[in-house]
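Trainee: Could you walk me through how to read a few features of a protein model?

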Amino acid sequence: MEKGTDPREANADATRQVGAEPTGDKDVAIAMVGEEGHIVDPVVVQRAVRKIDWFLIPAMTIGYGLVYYDKAILGSAALFGMTADLKLSVPDPRNPAAVDTSRLSWATSIFYFGMLGGLYPMSYALQRFETGRILGGVVVLWSLICMLTAAVTSHQGLYAQRFFLGFIESVIPTGFMCNISGYYTQQEQSLRQSWWFSATGLWTILGGALNYGFAQITGGGLRRWQYIYLLAGCLTFIFGLFCFAVPSSPVSAWFLTKDERFAAVERLRYGQTGVRCPKFKWSQLREAALDIKIWLIAIMMASAYTVNGAVSGFGPLIVSTFGWTTLESIVFQFPLGGLCLITILLTGWLGSRYSNIRILMLILCCLPVIAGCAIIWRSEWTYHAAAPVVGYTLTGTFGAVVSLIITIGMSNVAGHTKKSFTAATIFVAYCVGNIIGPQLIKSQTKASHYPELWLGLIICYCIAILAAAALFVVLRYENRKKESVLVEDEAERAKLAFQDLTDKENPYFRYVM
């Protein structure tokens, strides 16, 4: 124990202080563990991490799964009569024999304009106020807006509903990313970020199964697509009630004992990433806005997520053009979702087990997406063609690419305001990719296999590879620069850990690649 400090005494003092969080400009963790390092029982640490895992990860997987399902069901709902009911697909005035689906494209894209509007305000609210109250209230409101989709009667009404839905849902990804970075070490973040983001693949499968079930409905007073949105809204409401119980940080984690809370915070000292600071700092915002690393990560995310904007919103419709029925098109979401799930979890596990391989894995996972797009574009689209379906399935590795971008982005920043800005910026880029993706689909070019779409996606993934390579060079340079001037001092390292310093301000912070 350093300087004779007893963690039980320190924890007792912290318990009296944490309620008010009197930390000023510093991290809330400092009220609990102080500025000096402490020795903690590894058994208590393991027990605390296990409890955190069981409390956070299943709920976050369900929560992000609902976000993904809520977006992706538009593609399936379109197959169940939504396009006709809301006039999302109309004859092309320039060519009456063709169909214009631009309204459906905009219904997909406008969701992300709403999310763009909500990301920075929601990130600010999550930093300044208690996480549980913000998350719970916003998610319950999200559930109500989702259910109101069933009441929409025109494409204009759908546009408005989708915008507000995107604005509200922006709270989830940024909140989850900051939560993981505040509860786990840099090494652990890769696996934990992949766990909740794996809902992208898991809910592609679960959502496809649910939609397949709704396809069997032949009676009732509502259309099949309306039942889908009512179910999604009800599931979201239940999740929203749970969100009220989510603590803001391990400092206030009510499901841990006093000793476990102390151990959960103290173990984060060495990594220098901090836990949470509710004070908004303009200096950190300025630093983040001028940090090339954040913008390289944003370029990677915008480029990588163009495929989701096309595949999640139009996937079943694209597959149906290969001669498959509505139900068969939904079933073909299963292998894509399975590959997405497996690659996200595998890369997350490898990233936590081996150091500095995350950017390499990201580049490798880009290659099957490029290959898949090329196969779809250049293969024959004959009746029940197999090749384009194989290519479509290969694009599922985009999930691993995006998961790694999130992990690399959030494990390489410190300072809570800078973390919040980074999380929001990553998902601003995510929105840009999702807005661009659907606009690459031109129904008039169906006969030539949507060349703008597949060529555009290939170019975007080449850009992602180049940005990833540039980021690797920048991170390695920054680490070497810090190592060349720093004389290690463990006492100083311990003192700086919870001062809410940024990664640039803290000489002991190291970037992971």
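Predicted model: local features only at pLDDT ≥ 70, side-chain atom pairs only at ≥ 80, totals over all residues.

Trainee: Okay, rings to begin with. How many aromatic pairs does a search of the whole structure find?

Mentor: The search turns up 21 aromatic pairs. Take Trp295 and Phe421, which pair edge-to-face, with 6.3 Å centre to centre and 80° between the planes.

Trainee: What describes a pair of aromatic rings in general?

Mentor: You give the distance of the centres and the angle of the planes. For Trp295 and Phe421 the angle is 80°, and over 60 degrees counts as edge-to-face.

Trainee: And where in the chain do Trp295 and Phe421 sit?

Mentor: Trp295 belongs to helix H13 (residues 292–304) and Phe421 to helix H20 (residues 416–439), so this pair links distant parts of the chain, 126 residues apart.

Trainee: Are Trp295 and Phe421 buried or exposed?

Mentor: The cut-off for buried is under 20% relative accessible area. Phe421 has 10%, so Phe421 counts as buried. Trp295 has 36%, so Trp295 is partly exposed.

Trainee: Which rings are linked into a cluster by ring pairs?

Mentor: That cluster is made of Phe111, Tyr112, Tyr305, Phe398, Phe427 and Tyr430. A ring can also have a charge over its face: Arg128 lies over Phe129, 5.9 Å from the ring centre.

Trainee: Back to burial. What about Thr422, buried or exposed?

Mentor: Thr422 lies in helix H20 and has a relative accessible area of 0%, which makes Thr422 buried. If you leave aside neighbours within four places in sequence, Thr422 is in contact with Ile294, Gly409, Met410 and Val413.

Trainee: How about Gly157, where is that placed?

Mentor: Gly157 is in helix H6 (residues 155–169). With 28% relative accessibility, Gly157 counts as partly exposed. Leu86 is 71 residues away along the chain, and the C-alpha atoms of Gly157 and Leu86 are separated by 8.9 Å.

Trainee: Now helix packing. At roughly what angle do the axes of H8 and H19 cross?

Mentor: Helix H8 (residues 186–197) and helix H19 (residues 398–410) have axes that cross at roughly 135° and come within 9 Å. Only angles over 145 degrees count as roughly antiparallel, so H8 and H19 are oblique to each other. The crossing is right-handed.

Trainee: Which residues of H8 and H19 meet there?

Mentor: On the H8 side you'll find Gln189, Ser190, Gln193, Ser194, Trp196 and Phe197. They meet Gly399, Val402, Ser403, Ile406, Thr407 and Met410 in H19.

Technical notes:
Residues numbered from 1 in each chain as written. Heavy atoms only, no water. Helix = DSSP H or I, 4+ residues; strand = E, 2+ residues; numbered from the N terminus. Buried < 20%, exposed > 50% of the residue type's maximum accessible area, 1.4 Å probe, protein only. Phe/Tyr/Trp six-rings, centres within 6.5 Å; stacked < 30°, edge-to-face > 60°. Lys NZ or Arg CZ within 6 Å of the ring centre and 35° of its normal. Axes fitted to C-alpha atoms, helices over the stretch in contact; angles between N-to-C directions. Parallel < 35°, antiparallel > 145°, perpendicular 65-115°, else oblique. Left-handed = near helix turned anticlockwise from the far one by under 90°. Contact = heavy atoms within 4.5 Å.
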